[in-house]
Each structure stands twice: as C-alpha cells, then as structure tokens.
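Student: Could you walk me through how to read the sheets, helix packing and ligand site of a model like this one? I would like the general idea each time, then the case at hand.

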Amino acid sequence: MNSNSLKISNENLKRRLNAERRFKFYGVIAISLALIFVLILFTNIISKGYSAFYRTLIEIKIEFNDKVQPEMFKQMSDTEINKLDLYSFSKKNIYSNFPDIEKKSDKKKIIKLFSIEFEEEIKTYINKNKNNLGNTINLYISASDDIDQIHKGNYSRDIPEERRRVSNFQLSIYDELVGQNKVKFEFNLPFFSRGDSREAELAGLGGSLIGSFFTMIIVLLLSFPFGLFGAIYLEEFSKRNRFTDFIEININNLAAVPSIVFGLLGLGILLNTFELPRSTALVGGITLSLMTLPTIIIATRASLRSVPPSIREGALAVGASKVQTVMHHVVPLALPGSITGTIIGIARALGETAPLLLIGMVAFIVDVPSSPLDPSTSLPVQAYLWNDSAERAYEEKTSAAIIILLSFLILFNLIAVFIRRKFETKW
Amino acid sequence: MENKVKVCVENLNVHYGEKQALFDVCMDINQNEITALIGPSGCGKSTFLRCLNRMNDVIDICKVEGSIKIDGQNIYDKDIQVEKLRERVGMVFQKPNPFPKSIFENVAYGPRIHGLAKDKTELEEIVHTSLKKAAIFDEVKDRLDETGTSLSGGQQQRLCIARAISVNPDVILMDEPCSALDPIATAKIEALMEDLKKEYTIIIVTHSMQQAARVSKKTGFFHLGNLIEVNDTETIFSTPANDKTLDYVTGRFG
Ligand SMILES: Nc1ncnc2c1ncn2[C@@H]1O[C@H](COP(=O)(O)OP(=O)(O)OP(=O)(O)O)[C@@H](O)[C@H]1O
Ligand SMILES: [Mg+2]
C-alpha cells in the first residue's frame, strides 16, 4: 500500500463524511428544540406556581375581657374550645386593632383583609397555648387571598379601583400594616394538608394528594399482581394458538386505547352496573388499573423474553419443573424490568385526568378522604378544577399542583431508572 | 472386557416440524465410559443428546419417535417424570450457563429442589463435594457467595459440571463443553471427565477429533441426521468401516 493512500481523500469519502456531519447536526437540533420546550414549560410553571408554597400572615392583638378570660380555657378540652362561639369576640378584637376606623362599612372592609376563618385560627392559637395565655396576646392570622396575592406581587395595584377586588381604602390599611411590620410570609403548610375550598386562601392540595395516593395504591394492588401473572402465564406457560394470539393482539391494542374510553367503561360498568360508590379512589383506581395493566404486561413480557433461554435450560437440566424454573430463575431476573414498567405505568396513571372526570372524581370535595371509599379528587383533576376558578389566587395554586404532580412523575421515573440500572442483569 | 450397556437407543426419529433431524438412530452406550459424538455441524448431535434427557420436550415443534432405554426403562413412556429423569441424566451445555446467583446457590439448587439434603450442613457437604469433583473447589472455596457469572469461562463451565453432578446423576451429557475454553481449561475438564467416568456414564459431543481421541472409549459419527458408524474410538480414527467417516476424521470434509 502506498504510504499516502490513507491521507488522500476522494469525492466519495467526502460525501459520506458530509452526510454524517449533517446527520449529527439534525440530531443536535432536534434535541435542543425538545430541551428548550421543556425548559420553557418548567420556567413558566415554576415561576407561576412557586408563590403558592408560602402564605401571608397578619399580626393582630387580642385582648381578653371579663366574659372571655384566659383562665376559663385551662379547664376546657380542645373540642370544647372549638365549640365555643368566639365569632363576635374575635371580630371586635380585630376592629380594636384599628381604633381610627369607625364607619361600619369600613369595618367590614377591614374584616375582609383577613381569611374568612379568622375565628378558627384564633381558637387554634388558644388551644395550643391555653396554659400560658396573658391578658393580651399577639398572634398571626392568615390574610385573605386578595391581600395574599398583593403581598406576593401577583396582583397589580395599577388596575383602576372599580375593577380591582381590593379597594383603595383596603390598600391603604394594608400599606399601614406593612409599614408597622405586621405582615409576614410563612411556609404554606395548610396548602398540603387541607382539602379544596371555595375560599382561595384555604384551598389546599391535601385532599387530592390523599385521593391520588389511594388511587395509586388501588392501581398498584390490582394491576401489578394481575399484570405480572398474566404476563408470566402468556409468556411462559400458554401454548401458542389462535386464542392466545387473539389475547396478545388485544393487550397490545388495549395499550393504545385512549384513556377516556376506560373512563366510559368505569362509568358504565363500575358505577352503573355494580353501583360502586361514585367519585371514589376505589373506582378511579380500578378504572386506571385497566389502563395500566397492558403497560405492565407488555413490559413484563419483554423482560421475561430477555432472560436468556440458557438459564431456563440450566434449571430444567437439573430437574426443575417448569413452574420452578420460571419462579426460581426467570421471574427474579425479569422482576426489575417488570417493576420499572409498573412504576412508569403508575406514573402515567397518576397524571391521568380524563377517565377520572367521567367517573365523577371531578366533584368539589372539601373533606380530605380517609379511605378509598370516600369521595375524592386527584392531583391532576385538582389542577383542572382550580384552573377553572375565577379568583386570581387559584392561578398560582394550579401551577403549584402541577409542580407537585411533575415532581412525583420525575421522582417515579428516577426510581424506575434507578431500579433498572441497579438490579437489571446484563447478559 | 465390555462394560454393561447403560443407554439403549432404538430407531430414534426426530422431527422439528416438517424437517427430520435424526433418522433411525440406534446406539448402545456403556456404563462408566466416555462416549464421544462427532460429526459436521447441523448433523443432529445436539438433537440426539437432548433426546437423552428429554430437553427437546420444551421445543413445541419437536417430535420424538422410537425408544431410549436407560437401565431398561424407556424414558419416553407416558408415566415417566421428566424431572426425575433429568435428575438422573445431567447435562452440561456448550456455553457455560451458571445461574446469576451465588456459586453456592448454583450448586445447591438441584439438591434443594429434589430434597437431597436434610439440613444445611448436609447441603453444604453436597455443594463442597460437587465442587471438589468438578475440580473447582480450591479456586472458589473462599468466595462461595460471589455470583457464578463473575467467574472466568473455564471456571463457569466447571461450575456447571458441579451443578450437573450435584444431584448425583447416572449419566452426564456434555454438549461441546470445551468449545469456549482455552487449552488449559480444556485439559482440566478432560482430566475431570477421566475422573468422573469412574462413577458416571458420560456422553460428550465434540468438534475436536483430538479431544474425542483423547478422552473417549467409543465414538459415534453422525452425518445428516444418520448415525453412520459407532465403534471403539481407535477403530473410528484408524480403520473406520465407512468412507464418510474416514473422510471426516482425516479432515477431508466437515
Ligand atoms: N429448535 C430447533 N428448531 C428447528 N430446527 C432445529 C432446532 N434445533 C435444531 N434444529 C435443526 O436440526 C438439525 C440438527 O441440529 P443440531 O443442533 O442437533 O446439530 P448439531 O449436530 O448439534 O450441530 P452443531 O455441531 O453446529 O452444534 C439442524 O438442521 C437444525 O437446523
Ligand atoms: Mg450442537
């Protein structure tokens, strides 16, 4: 070979190299575009939603009097205190924080600066501190959603007064309070523990979090064992014939069925025929299981198939029965893949909205469900509901619900990747 | 002096679907001997071997006709339990296929499912003797809980041999056990077979004439699904009755 023959390039080679370069370029473009969109999506949601994770509190002073004395609380139990009617006492005390305001209509406006549940918050404070109450106490109570939005800067003050939900008078009071350093932010714990509410400052994700949790538990309990054993049977034991071919085709089709169809199925069969309780995590879970099942079966079958036949032969050759071979050797090796598929299926079910709308999990539910048989919503449905609400304060909550949802999805997928990396056997 | 006949194959015909892979094979295999099976690729050696422990049962399209008697008992009789049969007829595959479990588990699996050990110490005893018989004990005795797949190819193959003998079979089938191994590992396994034949009947498929000549007492030559000739190894390699055999062993085809 001529010593230069490796250096001289010819036309053909040049063209091939150019094609290669172009191909790489297209790939980079495609990936960058995808990344940019993801980035835009995330920045948008996070910038809109992060403010829902803290809330505004306003400090007020409460003075006890002859009728409502600190001593009397000492003997009372929590429930007794909660049953007391302290409404007018609380209201009067709030008024007396603003001694200059005398007009009745103005006083009403003052009350509107605070959350509608000011009485409950005062009671909660009393309950917590009932053994060391002075004659006057200073405590922080929640601001109303409008003040909350203004304090967070989500709500422009430049809008003309008649179109603004907060009047100029209320704004001046608010500014005064800020000037006195009586307004502060705090981590919004109630957002995670409370159910939905018509009052934006009270509405929380708790109900839908628990609802989603129950739903996913049902999905997991139903679809994982059925999916796993269905896949094992189909892949390892069933004889190939027309019937199993038919099942196989149907499972693959099932995976491609639009999710709303499963909702119709849930509505028609679970609610109307079997009369299971409407709007519950139980029905939602069963419906979503139908959707998750094919995903799990397909993933499990794929990982069963990737277990090399030599392992099966090794076990059979020492006299293991078919079931022993499958259960002792094949399934343990396929399990990581199956679990990965399950997690991804569950993640998809977690984000699913449409079927749940059909089975009534879209109702306005205030109580946090305590069992899968209680009416509930789920995370994405809650986001959908809030997105429909008129008040400005629901906007950040919608985004916050989506942030939480996305975090769970990312977490699930990370766990799936981790399991695959960590436990999958390489051949 | 001839050894007693252990396996007696009569009129064995095997089909894979439409395709016939073995034609009327008849062969006697003696106890405590090594019998080698040679022949060009695709001639049905593996198929024949897999009939002896009914591994072909798992292939749906495979149909086996004829009779194979081990100690006079036809293994294709209806009331034969294949699990019991495979306990008595062990197999070592061409490619080492240890379970992706610990070395100990690899060997302990067979005895455990057949209930051969009453307790843990007995099980350990079986595992240790099997590993010793397979001449791998010294290499792995300090790492019995490492996975079997982390061993070298030759060690894996010997581990598979230990696994095969752990259930104390009568017959061991070996399908090209040395094809993936270097000469040193091959020599180890050949020495091992020499040792094992005192207790077991060994049937080995091999592509290496030298190996067949070195280890086996008898050799069978397969061609296109027919057993052309089976005889003492020396005869096969020096004065075979059939011209095809002569051509094959002298390297003129195959
Ligand atoms: N699972 C199977 N399905 C269909 N045909 C098969 C199957 N296994 C083997 N055969 C066919 O049977 C014939 C014999 O195959 P076999 O594996 O017994 O050959 P072999 O002698 O072991 O060859 P090699 O030396 O290459 O291993 C071949 O023609 C092969 O195509
Ligand atoms: Mg073969």
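Tutor: Gladly. Let us begin with chain B, where six strands make an open sheet in the order 6-7-8-3-9-10, with mixed pairing. Strands here (E, at least two residues) and helices (H or I, at least four) are DSSP runs numbered from the N terminus, and two strands pair if DSSP finds at least two bridges between them. Before going on: this is a predicted model, in which local features need pLDDT of at least 70 and side-chain atom pairs pLDDT 80 or more, while totals for chains, interfaces and linings use all residues. Residues are numbered from 1 along each chain as its sequence is written, chains are lettered from A and ligands numbered from 1 in the order written, and side-chain values use heavy atoms, without hydrogens and water.

Student: Which strands of chain B stand at the edges of that sheet?

Tutor: Strand 6 (89-92) and strand 10 (226-232) of chain B do; each has a single partner strand, so one side of each is left without a neighbour in the sheet. Neighbouring strands are turned by 20° against each other on average, direction ignored. Such angles run from 0 to 180 degrees between N-to-C directions, and axes are lines fitted to C-alpha atoms, for helices over the stretch in contact.

Student: How do I read the pairing inside the sheet?

Tutor: Look at the sense and the bridges. Strand 3 (residues 34-38) and strand 8 (residues 201-205) of chain B are parallel over four bridges, and Ile34(B) stands opposite Ile202(B) in strand 8. Strand 9 (residues 218-223) and strand 10 of chain B are antiparallel over six bridges, with Phe222(B) opposite Leu227(B). The hairpin of strands 9 and 10 of chain B has two residues between the strands, and Leu224(B) takes a positive phi near 50° there. As for side chains, in a regular strand they alternate between the two faces of the sheet.

Student: What packs on this sheet?

Tutor: Contact means heavy atoms within 4.5 Å. Helix 6 (residues 153-165) of chain B lies across strand 6 and strand 7 (171-175), running at about 170° to strand 6 of chain B. Helix 7 (residues 183-196) of chain B touches strand 3, strand 7 and strand 8, and its direction makes about 150° with that of strand 8 of chain B.

Student: Which pairings does strand 4 of chain B take part in?

Tutor: Strand 4 (residues 62-70) of chain B pairs with strand 1 (residues 5-16) in the antiparallel sense over eight bridges, where Glu10(B) faces Ser67(B) as its opposite. Strand 4 of chain B also pairs with strand 5 (residues 73-74), antiparallel over two bridges. Strands 4 and 5 of chain B form a hairpin with two residues between them, and Asp71(B) in the turn has a positive phi of about 50°.

Student: How should I read the ligand site?

Tutor: Start with the shell: a residue is near a molecule if one of its heavy atoms lies within 4 Å of it. Of the 14 residues around ligand 1, Ser41(B), Lys45(B), Ser46(B), Thr47(B) and His207(B) come nearest. Helix 1 of chain B gives the most to this shell, with three residues.

Student: And the polar contacts?

Tutor: A polar contact is a pair of N or O atoms within 3.5 Å; within protein, one must be able to donate a hydrogen and the other to accept it, and residues adjacent in sequence count only if both atoms are side-chain atoms. An oxygen atom of ligand 1 is 2.6 Å from an N or O atom in the side chain of Ser46(B). For His207(B), a polar side-chain atom lies 2.7 Å from an oxygen atom of ligand 1. The protein covers 66% of the 620 Å² of accessible area that ligand 1 has on its own (Shrake-Rupley method, 1.4 Å probe; for residues, only the protein chains shown count as cover).

Student: What is the order of the three strands in the open sheet of chain A?

Tutor: The order is 2-1-3, with antiparallel pairing. Strand 2 (136-142) and strand 3 (183-187) of chain A are at the edges, each with a single partner strand, so one side of each has no neighbour in the sheet. Neighbouring strands are turned by 40° against each other on average, direction ignored. Arg55(A) stands opposite Glu186(A) in strand 3 of chain A.
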